[in-house]
Amino acid sequence: MTTPSTTTAPPQSTAAQFRQSVRPWFDDFLSFSSLSLPASIPELSLRIQRNLYVFRVNYLLLSLLIFLLTLIPHPITFIVFFLISIAWFYLVFSTEEPLVVLDFEIGQRFLVILLSVVTLVALAATSIWWNIFLSVFISALVVSLHAILRTPDDIEESPYGALLSVVDEDEPARGPYTLV
């Protein structure tokens, strides 16, 4: 007896995952119509969790942009880190096939280690630690502000389930407790 074969989708590459995770900037990420204040602490927690997950690549790109903007007073350092950023996005995130140099295949893990070392050497050589601190502070402020104010698309369904009850003044009080 034969069983029907189930075909599974091949695992996505890093480049495909990257392209899929970048949501349209002007439609979703910068939509002013979806900005509002959260009504409660659980809703605030839910918004932060979902927005940090959904917009993680957008937040990373925004943080990189803020970092590069803090380097404008240092043009040589700006150019160096701009080129390093391009190398990261091209070599790690946008290529689907392995890099081949002189008939040698260079693996993804080696590229990440090499680019990490190059980035750390560039950080140490340029001594821009104050710019890093400033850009991390500004990025954290902007990212948390967006994550708090943006209403996720699927906010109606709460992970807290029945623990959250919507109290409405028009309805009679539920349960044996009454307002004092």
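This is a predicted model: local features need pLDDT of at least 70, side-chain atom pairs count only at pLDDT 80 or more; totals for chains, interfaces and linings use all residues.
**Entry 1**

I began with a rule: the expected span of a helix is 1.5 Å times one less than its number of residues.

Helix α3, residues 41-54, came next: its 14 residues should span 20 Å, and its end C-alpha atoms are 20 Å apart, which agrees. For α5, the 20 residues should span 28 Å, and I noted 27 Å between the end C-alpha atoms, which also agrees.

**Entry 1: the whole chain**

I then stepped back to look at the protein chain, which has 7 helices and 2 strands. Reading from the N terminus, I wrote down the order α-α-α-α-α-β-β-α-α. I also looked up how much of the chain is buried: 24% of its 180 residues. Among contacts with a separation of 6 or more, 78% join residues 24 or more positions apart.

Which residues of α7 are buried? My list reads Asn131, Ser135, Ser139, Val143, His146 and Ala147. They cover an arc of only 110° around the axis, and therefore they sit on the same side of α7. On the other side of α7 I found Trp130, Phe133, Phe137, Leu141 and Leu145, which are exposed.

**Entry 2: α4 against α7**

Helix α4, residues 56-70, packs with α7 at an angle of about 145°, and the axes are 9 Å apart. I noted the crossing of α4 and α7 as right-handed. On the α4 side, the residues that meet α7 are Tyr59, Leu62, Ser63, Ile66, Phe67 and Thr70. Their partners in α7 include Asn131, Ser135, Ser139, Val143, His146 and Ala147, and these are residues I had already listed as buried. Ile132, Leu134, Ile138 and Val142 of α7 take part in the contact too. I sorted the residues of this contact by type and got 10 nonpolar, 6 polar and no charged.

**Entry 3: α3 and its buried side**

What do the buried residues of α3 pack against? They pack against α4 and α7. The buried residues of α3 are Glu43, Leu46, Arg47 and Asn51. They cover an arc of only 115° around the axis, which puts them on the same side of α3. The face turned away from that buried side carries Ile41 and Tyr53, both exposed.

I also checked Val54, which is found in α3. With a relative accessible area of 28%, Val54 is partly exposed, because a residue has to be under 20% to count as buried. The C-alpha atoms of Val54 and Ala147 are separated by 9.9 Å, although these residues are 93 residues apart along the chain.

In α5 I listed Thr77, Phe81, Ile84, Ser85, Leu91 and Val92 as buried. Their arc around the axis is only 155°, so they lie on the same side of α5. Pro75, Ile76, Leu83 and Tyr90 are exposed on the other side of α5.

Thr77 got a closer look. At 12% relative accessibility, Thr77 counts as buried. Leaving aside neighbours within four places in sequence, Thr77 is in contact with Leu71, Thr126 and Ile128. Thr77 and Thr126 are 49 residues apart in sequence, but their C-alpha atoms are 6.8 Å apart in space.

Is Leu71 buried or exposed? Leu71 is buried, at 0% relative accessibility. Not counting residues up to four places away in sequence, Leu71 touches Thr77, Phe78, Phe81, Ile128 and Asn131. From Leu71 to Ile132 I noted 61 residues in sequence and 9.2 Å in space, C-alpha to C-alpha.

My last stop was Ser127, in the loop between α6 (108-126) and α7. Ser127 has a positive phi of about 45°, although it is not a glycine. With a relative accessible area of 53%, Ser127 is exposed.

Note on methods:
Residues are numbered from 1 along each chain as its sequence is written. Side-chain values use heavy atoms; hydrogens and water are left out. Buried means under 20% relative accessible area, exposed over 50%, partly exposed in between (1.4 Å probe, protein chains only). Helices (H or I, at least four residues) and strands (E, at least two) are DSSP runs, numbered from the N terminus. The arc is that of the directions from the helix axis to the C-beta atoms. Axes are lines fitted to C-alpha atoms, for helices over the stretch in contact, and angles run from 0 to 180 degrees between N-to-C directions. A crossing is left-handed if the near helix is turned anticlockwise from the far one by less than a right angle, and right-handed if clockwise. Contact means heavy atoms within 4.5 Å. Ala, Val, Leu, Ile, Met, Phe, Trp, Tyr, Cys and Pro count as nonpolar, Asp, Glu, Lys and Arg as charged, and the others, Gly among them, as polar.
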